Amino acid sequence: MSKKEHAEKKNRKNNLVDQSFYDGYKDAIPEDQIWDFQVEGLQKPWIRKPMPNARAKKIAVVFILVIAISISIFFSFWILHTDPFKYGEAEGGGTELIRFSNPGELLELALDYAVTDVLTEATVTTNEKGESERHTSYSLTKDETQPITALHEYAFNCDERIQRITVGKTVTSIDNKAFYSCYALREIRVDPENPNYCDVDGVLFNKDRTELICYPIDHDAYLREKYGYEGQYWPSDNWKNDEAVDKYNEYYTREYEDQVNTYVVPETVKVIGPLAFNYSELFRLYLPEGLERLETMAIFRNWHIERVDTYTGALGADGLPAPEHIKVSLPDSLTYIGSDCFNSAIEMDYMYIPANVTFIGHHAFWGAARNEGKGKLIGLYELHAALDEAAFKAQVDAGDQWTGEYDNGLFPKRVAVVYGEERPAAH
Amino acid sequence: MAGNALGKVKGVFTEIKTHWKTPAEGKYVPYREYKDIFIAVGSNYAGSKLLEYIWFGAGCYLMMYHYHLPYLTFTIIGLINMPLNYVWAMIGWYINDNLGFLEKKKERIIYSVYFFAIVLGLTLILAPVSRLFDQNGAFVTFMNGLEGINCDSAFKILGTHILWNGWAGSRNIFWRKKLLPKFGRYKYSLYCDFLPKIVMVALIGWIPLWTITDVVERVWKANLLFAAFSIFGFGNSLEACAQNISPNTRERVLVRTYPIKLSHLAHSILAIILPVIIGWLPRKWEDIGLYKWVLPITFGTFAILTMVFSGRIKERIPQPPLEKKVQINFWDGMFGVMRNKYKWIQNIVYLLDSLGNGMLAFTTILYLYTFRLSGLLYSLIVALVSFAGTPPDFFTPFFMKRFSYKQITIFYQFSRALGNGLIVLSLLLFRRNVVLCGSICVVVLILMEMCKTVPTSVGHDMDIRINDYQMYLSGERLESFSGVFGWFTGPITSFVGLIIPLLLLNHGFNSNWDVLFIDDSRLYIIIIPLLIDTVGYLLMAIPYFFWDYDDDKQNKVMAVLRRREEVTAAAQAAEETEATVNE
């Protein structure tokens, strides 16, 4: 037998295993029993025959299903429908606000005593266009024997409606993540009698103003209102190219930018807290000489921020530092830059790491540089350090991928650090 | 040695040439069909994989980076839709398992139900139905307190669900009747869906509903848009067709192991190229250009390729001719699948698997939030992990011969549990060192992937065998009626599936995925679901200890099916001859 014949035989053998099995087995299946024939070890087929006890089985199935579905839906909704206010016991006693779930359109909230009941009053009116509009007002019943002493992490997580929060005098502990992603939050006010916290024009600080805790995400809306700019525009991510630009151009003056998109951190501040400026719409941020720490994600995702500079001395009448008192980039007093601190600060063009910095967290400058194509780089595609390379590496505890990177062909290129630089006099 | 190898290659070449258009004796599939399977299934698979970028769920990049919908909202929408799903499922199974061929009277009734649903759905969407209720009453207040939803939008969401089902249901009967006789039960849907699907893929990126500032409005409108998107399918139906391409079980394995497996190459290449293209977008994964340009163009290309090469691929399930097909009424179908003990075992496993429902994709968190990957580097790591599973798959026939389904599946469950355990340990021990921790996780993922592909292939094979067994039991495969188990497990899984989302919510995960940049929160958000999932895998091994369906039983079942086909076909032929003689 030739090789070819052998191969063909083997192939045919493999292919015909099923056929040979069938040929051997089919006689065991009588022609008149094709729908009933039971294979050994398996259940008997049940085809073209009424099911025994069908009615009882149907009733049982329907009954079980109705009960199961009802119980499931009831308990699921019961779990999902969280009370607007969930409280717990705070460490060291007192009441902690664990989670706030907006009952609908609650825009302002005072955090002084635990809320025991929320009464909603809704009215439907017809507007000029003939469309019906629903208006809701809320009346909160509070238990004055239960003062709120703490705000838990993520207490207001991702609430897109709340605009004003007043922190009562009894609140002594606020987690840095308490107001995380409150996109509509414009101002946080603090009762002047509060022993641990205060506010400066709607921005949250600790009492002695050494730490800035939260700059509300929509603080610019509050400032627009404060300075009499009517209406609102929403700078989307490509806002320079969309319809918002018309509204922006209408408003745009240097004065507008100074009043609404600029913030001067008070000179007493030593620490910018975790997430303090996350998602802000700031263009310019002035840090005081004397600032020591920029905590984790302190200036996270400030897509439009162009300058983070340092100032010394007194502020002018307009609340801004005089040009001669401004130093380019971060203060010399700074020692700590937290992880993801400047993440996505793509509009910045210069960053100077002063000589006293001893810690830089992972991804501190991530997403802050971009290759626009044809060799055009934007953002922080180069970082400048005061120390020389050896001293920098000896002194600074730098986390993984702290410098960031940008596209460079198929593989990204790490942002370069220029060591041993002098701070420039101006941008 | 070299001559021997050359001889073998020549032999293969000759074999292919000889049987290019006509199959070898005992086989059913000519090699030309292998070529078609390679291209069409590859394109269909790649296209369907691309659609995984577009879905109404928290893990979709469009939701993550643009819509920012609250995490629990998706669960709430599921609950709103749950009761009516039972009704739609009942009607759907009845239609599907009768292949769309219904008695005239029943067809009219079902059409009427569907048209009524369309009208009712539109009414609920367009009319302010919630205003019929006391606005200060308990019901409205309760609904307004749900995450991302209010009473008004809840009715619109319900209306969307009813409209969708009415529309999809009537389409289903219409197209099945029209196309199924020509294209078969697996392929027909591609022919009516592929063009509207291409359009919908484009519209998803070009209708900017994410700019709506009010979250409640954003939720119901997005739900409506995605419902319209999901009316048209582009599932991997050609692969399902190709898996049933031959009554010869060995040939099925051959087709599955070679042309089908190799056809996945198209997706593997795409999985490398696509992230590179995304990496070139200014904002990478967050760039809307992904949904406006990249996905529509790529999907359109694969959809067209699929349709061009799908014509010659045939399903060859041994079955009586359509005229002799066993008619399945609803209760027979339902009790039919419930008699199948293997389906019970499988569904108990799915039930236990629901412990992991609601968890975020670990790899997404690892690649995008721990490693911050994009571009070619992302492609290479993803490709490395997914490719790790390919070589073992070529040994699937060997493993199937050497080990039983039960052994392979139990091994798989334990390997998943062990892998998850190792990942948790690395996250806890090396949390401060992003690169080291991430690297360990990638290595473990590679090992897990290597342990996954053989059980997955064996599982697919067993699913088909269990459908063969169902056909032996009930005279039809009752693939749709198998959903009845979901009726019983659904209420439990939907409740159990709340565990992880609620735990994640407590650790800050809601509508903003950036919370995963916060180290401590990320750690909790990864570890808690992984631990729950690990428990699930260990429990899932238990039911498989009761599995006893083996090759011998399968061969006998197939013999019974072939015998039925033979006898009924002969009867049909005899009837036709008699009719001709009488004429």
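In chain A, strand β23 (residues 382–385) runs parallel to β27(A), and the two pair over three bridges. Strands here are DSSP runs of E with at least two residues, helices are runs of H or I with at least four, and both are numbered from the N terminus. Two strands pair if DSSP finds at least two bridges between them. This is a predicted model, where local features need pLDDT of at least 70, side-chain atom pairs count only at pLDDT 80 or more, and totals for chains, interfaces and linings use all residues. Residues are numbered from 1 along each chain as its sequence is written, while chains are lettered from A and ligands numbered from 1 in the order in which they are written.

**The sheet in chain A**
- E382(A) has A416(A) of β27(A) as its bridge partner.
- Three strands make an open, parallel sheet in the order β19-β23-β27.
- β19 (352–353) and β27 (416–418) each have a single partner strand, so they stand at the edges with one side lacking a neighbour in the sheet.

**Where the chains meet**
- Chain A puts 78 residues into the contact and chain B puts in 76 (contact means C-beta atoms, placed from the backbone, within 7 Å).
- Elements giving two or more residues on chain A's side include α1 (3–25), α2 (54–80) and β5 (132–151).

**Two helices in chain B**
- α16 (residues 375–387) and α20 (residues 434–450) of chain B pack at about 35°, axes 7 Å apart (axes are lines fitted to C-alpha atoms, for helices over the stretch in contact, and angles run from 0 to 180 degrees between N-to-C directions).
- I381(B), L384(B), V385(B) and S386(B) of α16(B) meet V442(B), L445(B), I446(B) and E449(B) of α20(B).

Definitions and conventions. Two residues are in contact if their C-beta atoms, placed from the backbone, lie within 7 Å.
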